[in-house]
Amino acid sequence: MIIWLNGTHGAGKSTTSRLVQELLDDSRIFDAEKVGETLMDVTPGLPATDNFQHWDPWRPLVVETARRLLDYVGGTLIIPMTVLTEQYWKEIHDGLSQCGIDVRHFVLHVDEDELRHRIDNDLDMGPSAFRHRYVEPYFKAADTWLHPQGTVVDATHASPAAVARSIVEQVSSSGRAAKE
């Protein structure tokens, strides 16, 4: 199984993924961003882009890496990764489904004022123009396709621990065992 944590930058995906992993037996975190970082290291570089997700190899490489990881270690992969382009999500989801992998797609939602506050006051990253650039595209995706295609978890006022428990409860109710 894959638990995909979607939502824009600053919604709490990385923090939540660590907490979900602590609560869910036989689970591991796979950061699909590392696949993009590997592609950024290709020399000479791939065609210029502002987002590695636009490179055609990224999506099938994420699918193949996740498939091989699950074949190797089993259990559950937790993937905290923003995907705001519907076609890209469809390619990834369909690829994983064709491999027989159950994908539970959760969208961590934070209202705009709180999201911008988090981005501006992030103690680890500091204010981030990069993260701000994705706020508007997130809300557009949320209104058109993202929320209808995922299980929305409102993280606006909930603690990361509460968000993680909610996700684990939803996954556990479908047959996965949570740690005591």
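Helices (H or I, at least four residues) and strands (E, at least two) are taken here as DSSP runs, numbered from the N terminus. The structure is a predicted model, in which local features need pLDDT of at least 70 and side-chain atom pairs count only at pLDDT 80 or more, whereas totals for chains, interfaces and linings use all residues. Residues are numbered from 1 along each chain as its sequence is written, and side-chain values use heavy atoms, with hydrogens and water left out.

Strands of a sheet pair through backbone hydrogen bonds, either parallel or antiparallel. In this model, five strands form an open sheet with parallel pairing, in the order β2-β3-β1-β4-β5, where two strands are said to pair if DSSP finds at least two bridges between them. From one strand to the next the twist averages 25 degrees; axes are lines fitted to C-alpha atoms, for helices over the stretch in contact, and angles run from 0 to 180 degrees between N-to-C directions.

The pairing can be followed across the sheet. Strand β2 is joined by three bridges to the parallel strand β3 (residues 76-80), with S27 opposite T76 and I29 opposite I78. Strand β3 in turn pairs with β1 in the parallel sense over four bridges, and in this pairing W4 stands opposite I79. Between β1 (residues 2-6) and β4 there are five bridges, again with the strands running parallel, and the partner of N6 in β4 is V107. Four bridges, also parallel, connect β4 with β5 (residues 151-154), where L108 faces V153.

Helix α8 (residues 160-172) lies across β1, β4 and β5 and runs at about 155 degrees to β4, contact being defined as heavy atoms within 4.5 Å.

A nonpolar core is a set of buried Ala, Val, Leu, Ile, Met, Phe, Trp, Tyr and Cys residues joined through side-chain atoms within 4.5 Å. The largest such core holds 52 residues, of which I2, I3, W4, W58, I79, L96 and I167 touch the most other members. Helix α7 (residues 135-149) gives the most to this core, contributing seven residues. When its neighbours within four places in sequence are left aside, I3 is in contact with V20, L24, T76, L77, I78, I79, R104, F106, I167 and V171.

Helix α4 (residues 86-98) comprises 13 residues and reaches 18 Å from its first C-alpha to its last, close to the 18 Å expected at 1.5 Å a residue; the expected span is 1.5 Å times one less than the number of residues. Its buried residues include Y88, W89, I92, G95 and L96. Viewed down the axis of α4, the buried residues fall within an arc of 140 degrees, so they line one face of the helix, the arc being that of the directions from the helix axis to the C-beta atoms. Among the elements that cover these buried residues are β1, α3 (58-73), β4 and α7. By contrast, Q87, found in α4, is partly exposed, with a relative accessible area of 43%. The helix is followed by G100, whose phi is positive, near 80 degrees.

Most residues other than glycine have a negative phi, and most peptide bonds are trans. Residue D26, in the loop between α1 and β2, has a positive phi near 55 degrees although it is not glycine, and at 43% relative accessibility it counts as partly exposed. The peptide bond from T43 to P44 is cis, with omega near -10 degrees, and P44 lies in the loop between α2 (33-40) and α3.

Terms used:
Buried means under 20% relative accessible area, exposed over 50%, partly exposed in between (1.4 Å probe, protein chains only).
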